[in-house]
Amino acid sequence: MLIRRIVSNLICLGSIFAFWAPSHAQEHSWTSTTGSQIDADLVEIDSDQVTLKINGRPAPLVVGLDKLTEQSRYQAYEIWFNRQDAKQFQMIRQHLEGMVQRPGAVSRLLLEIHKVIPESPYAGVWAAAGISEGENDNVFAKRLLQQSIERIENQQEHLPGRHSMTLASAYNNLGVVALKDRGGNQAAASFTDAIRHSGVVSPILEHNAQLVAQGDTEQISLFELAPRLRSELLTSLASANVSTTKPRLDNSFYYMLDFELPLEAGAASRKIEGLEAPSVYSELMAIGTGFVVAPGIVVTSQQLLKDYERSANLIVTVGTTQQGAFKSLLCKSCLLESTYGYVNRLQSYSGGGASTVFTNFRVVRPASGTANATLMALHVPGLDAEPLLIADDTPKVDSELKLYGYKPGQQMVAEGVQQYEGKVMSSPTPNGIQVVSHDTTNGNRGGPLVDDNNVVHGMVFGLPSNSLDKGGQAFGARIIRGWFNRHVRTTSLKTPDENDSRRQINVEDSVVPVFIWETRRGGKLFSEVADGSAPSESLLIKNSWCLACGGTGLCDCPSCTGGMQSYRTKDVIARSAIAGDIIGTVVKKKKCSTCSGKSKLRCKICSKGRI
């Protein structure tokens, strides 16, 4: 309370910031509207204020959000929401594998998590799909989805564009829930909203939208759809960026449980200062060096992947410094040389942006007796670095060349590119391998061997064959050029010219660190039909509740009402002393012969309410 009084009584935040000196290297920097700064950890955001903890100070500091700059406010919300998303995701992840088999039971657990962490939308979206599918409680599911959408919109109010995939998933599921109550118009509106909020429309969303809009399926006859809403849905779909992935889906509606992973809070322990993991489940497995040889193309050593060929989920990132800040760019695709000399183009989940692509790697070991120094070319869109000039010769013995590369360790990024002196120790073997005297490490393998004119004459691809020896194994420029010309057909290498001003290029700017990450995922839980527009984890649940009978397994008898049939017959309608009985047509009821008076018939489309 004392701190709160101090904060409210001080005229400006600058005096507070001057009092609390920076004390922790890993804390975030906060700037006041007066220009003062402190370093502190974010503890909590509450209404219109933030609570900060400064290392070495026992009491927290409470600061009004209006006292912080726009950038610091943005940082506060980003840290807070990332932290809550990561916390909720860690809690729900252990339950996800049982969603398909036990949607009702799992959803009840997720519902409790939804209540515990009220800022994050993940648990609500998943629980709603499970409750709708497992218990057919569509009213409750709809309410959960609307709450999750409100949570996303609240985050987007402070961080525009956040959770676009999660929002699309919520709207998609809201549409499926509406269809189960025969709400065709509401479903079309929900699918339209999902499409409008999607950077890349996932195959599941496209499938569901088309199924509603096309109007020629069995399901379409079970609900009404206004022509205006069908037109809006088709127009939105036609103008959207639709994923090229086309999974095999039957003629049914699907829940989509896709969401962006929380990328910052809860990330795996970082081995290198200043390096962000591409996802919370990414573990850094190997590091190396590469160099730019053409716009957006980096060449490095395939040995970086050598020990991880059995892993189904590897990610390759390339570090670069742009506008003074270190960034990690993800490779869109990679080229490897296989045992038989052809190229393995590694499959990626999508082409939705270089910063968000997961790539599956399959590394083929060279056959016995062939070169064990294969190369790897990385396609890295957005890499703003000048290509180096590549010589066309084989470096001669005793040629003195500089090796540029990174040194392994936690300060790898901070220390930057290192220069190693050495020379070529041997002529090339039949496989093109040469021995160099440079101090070769796991960090600088893949680095270029450069002369005084900044021309690349080779690459150190790996450690010495004998672990007790110093130096390393290298390929000459002729090998690099030959490999590149055979396998990378989209561009070509530059041959140095005596008058080429490009020799004045700063080599260090074109030498980049290469990181190999392994993503630890839950077996077959995660689907490959996600749109790939962001790091995501996805699961599809087919709506197996029959729309015709509402999941009851019984349909209304078409021949009766309430089990009774009406029929007309002649009967006495009045009596007269003069005319006697007056005969007229009357309506009577009898037990329906079709349903034996039960008013319900077994649904012909499903089995006990399930398709």
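**Close-up views of a predicted model**

**View 1. C560 counts as buried, at 13% relative accessibility.** Buried means under 20% relative accessible area, exposed means over 50%, and partly exposed lies in between (1.4 Å probe, protein chains only). This is a predicted model with residues numbered from 1 along each chain as its sequence is written, and side-chain values use heavy atoms, with hydrogens and water left out. Local features need pLDDT of at least 70 and side-chain atom pairs count only at pLDDT 80 or more, while totals for chains, interfaces and linings use all residues. The whole structure holds zero disulfides, a disulfide being a pair of cysteine sulfur atoms within 2.5 Å. C560 is in none; its nearest cysteine sulfur belongs to C595.

**View 2. Q155 sits in helix 6 (residues 138-158).** Helices (H or I, at least four residues) and strands (E, at least two) are DSSP runs, numbered from the N terminus. Q155 is buried, at 0% relative accessibility. Its side chain makes a polar contact of 3.3 Å with the side chain of H163. A polar contact is a pair of N or O atoms within 3.5 Å; within protein, one must be able to donate a hydrogen and the other to accept it, and residues adjacent in sequence count only if both atoms are side-chain atoms. Leaving aside residues up to four places away in sequence, Q155 touches F81, D85, E119, S120, P121, R162 and H163. Contact here means heavy atoms within 4.5 Å.

**View 3. D398 and K423 form a salt bridge, with closest N and O atoms 4.0 Å apart.** D398 lies in the loop between strand 14 (389-390) and strand 15 (400-405), and K423 in strand 16 (residues 418-423), so the pair ties together parts 25 residues apart in sequence. D398 is partly exposed at 49%. K423 is partly exposed at 33%. A salt bridge is a side-chain nitrogen of Lys or Arg within 4 Å of a carboxyl oxygen of Asp or Glu. The whole structure has nine.

**View 4. D452 meets K402 in a salt bridge of 2.9 Å, N to O.** D452 lies in the loop between strand 18 (448-450) and strand 19 (455-462), and K402 in strand 15, so this pair links parts 50 residues apart in sequence. D452 is exposed, at 70%. K402 is buried, at 13%.

**View 5. E415 forms a salt bridge with K407.** The closest N and O atoms are 3.6 Å apart. E415 is partly exposed at 39%. K407 is partly exposed at 37%.
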